[in-house]
Structures are given as C-alpha cells and as structure tokens.
Amino acid sequence: MEMMLLMGQSFTRDTLHRAIVDKFGPEARFYTCSAENMTADQLIDFLKSRGKFVEKGDGFNTSAEKICNH
C-alpha cells in the first residue's frame, strides 16, 4: 500500500499486479496483520476485500488512513 501511495497513480488490477511483481519479484510472498504467505494476486484480493482501495480516476489507489500500523 505504501508503494501505491509513493507511485501516486491510479492502478487497475493488472497494473497493480505488474507493479508488485516488478518491485518484489514473481516469487515474493506477502504478510499482513491477519494473513500470511500471499501471492501478489492473493494480496490484491485481500486488500480489496478489506476496503483498502480508493477509487481514483479510471482505477484505484489507497490512502494513508487505510494503512494499519500495528
């Protein structure tokens, strides 16, 4: 989510997936406070299901208020 904020652009599911893989690699696994060992696609689905995305233009981004810090 911090990567999304730093990039400052709108994403589609495909462009977000590509950005994650480009930055972290295709084999990276992701962890949150309530889930672990997720692929990029699983992470995107998880974040979407938790309401972490904010509509922006023709896609979505996130906001700092949606990032957990625990």
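**Labels against cut-offs**

Me: Why does aspartate 45 count as partly exposed?

Reply: Aspartate 45 has a relative accessible area of 42%. Buried means under 20% and exposed means over 50%, with partly exposed in between (1.4 Å probe, protein chains only), so 42% lands in the middle class. Before we go on: this is a predicted model, where local features need pLDDT of at least 70 and side-chain atom pairs count only at pLDDT 80 or more, while totals for chains, interfaces and linings use all residues. Residues are numbered from 1 along each chain as its sequence is written, and side-chain values use heavy atoms, with hydrogens and water left out.

Me: What makes arginine 13 and aspartate 45 a salt bridge?

Reply: Their closest N and O atoms are 2.7 Å apart. The rule asks for a side-chain nitrogen of Lys or Arg within 4 Å of a carboxyl oxygen of Asp or Glu, so this pair passes. Arginine 13 sits in helix H2 and aspartate 45 in helix H3, so the bridge ties together parts that are 32 residues apart in sequence. Helices here are DSSP runs of H or I with at least four residues, strands are runs of E with at least two, and both are numbered from the N terminus.

Me: How many salt bridges does a search of the whole structure find?

Reply: The search finds 2. Aspartate 41 also meets arginine 13, at 3.6 Å from N to O. That pair again joins H3 to H2, so parts 28 residues apart in sequence are tied together. Arg13, Asp41 and Asp45 are therefore linked in a network. Arginine 13, at 33% relative accessibility, counts as partly exposed, and aspartate 41, at 35%, does too.

Me: How do you know that lysine 52 has no salt bridge?

Reply: Lys and Arg count as positive and Asp and Glu as negative, with His and the chain ends not counted. The nearest side chain of opposite charge to lysine 52 is glutamate 65, 11 Å away.

Me: What lies 2.8 Å from a polar atom of the side chain of lysine 52?

Reply: The backbone oxygen of lysine 66 does. A polar contact is a pair of N or O atoms within 3.5 Å; within protein, one must be able to donate a hydrogen and the other to accept it, and residues adjacent in sequence count only if both atoms are side-chain atoms. At 2.8 Å, this pair meets the distance limit. Lysine 52 itself is in the loop between H3 (40-49) and strand E1 (54-56). Contact means heavy atoms within 4.5 Å, and beyond four places in sequence lysine 52 touches Met1, Leu47, Asn61, Thr62, Lys66 and Cys68.

Me: How many disulfides are there by the rule?

Reply: The count is 0. Cysteine 33 is exposed at 53% relative accessible area, whereas cysteine 68 is partly exposed at 39%.

Me: What makes a set of residues a nonpolar core?

Reply: The members are buried Ala, Val, Leu, Ile, Met, Phe, Trp, Tyr and Cys residues joined through side-chain atoms within 4.5 Å. The largest such core here has 17 residues, with Leu16, Ile20 and Phe53 making the most contacts inside it. Helices H1 (2-7), H2 (13-24) and H3 each give two or more residues, and H3 has the largest share, 5 residues. Leucine 16, leaving aside neighbours within four places, is in contact with Met3, Met4, Phe11, Ile44, Phe53 and Phe60.

Me: Is alanine 19 buried or exposed?

Reply: Its relative accessibility is 13%, so alanine 19 counts as buried. Alanine 19 lies in H2 and, beyond four places in sequence, is in contact with Met3, Met7 and Phe11.

Me: And where is glycine 8?

Reply: Glycine 8 is in the loop between H1 and H2. Its 46% relative accessibility makes it partly exposed. Beyond four places in sequence, glycine 8 touches Lys56 and Asn61.

Technical notes. A disulfide is a pair of cysteine sulfur atoms within 2.5 Å.
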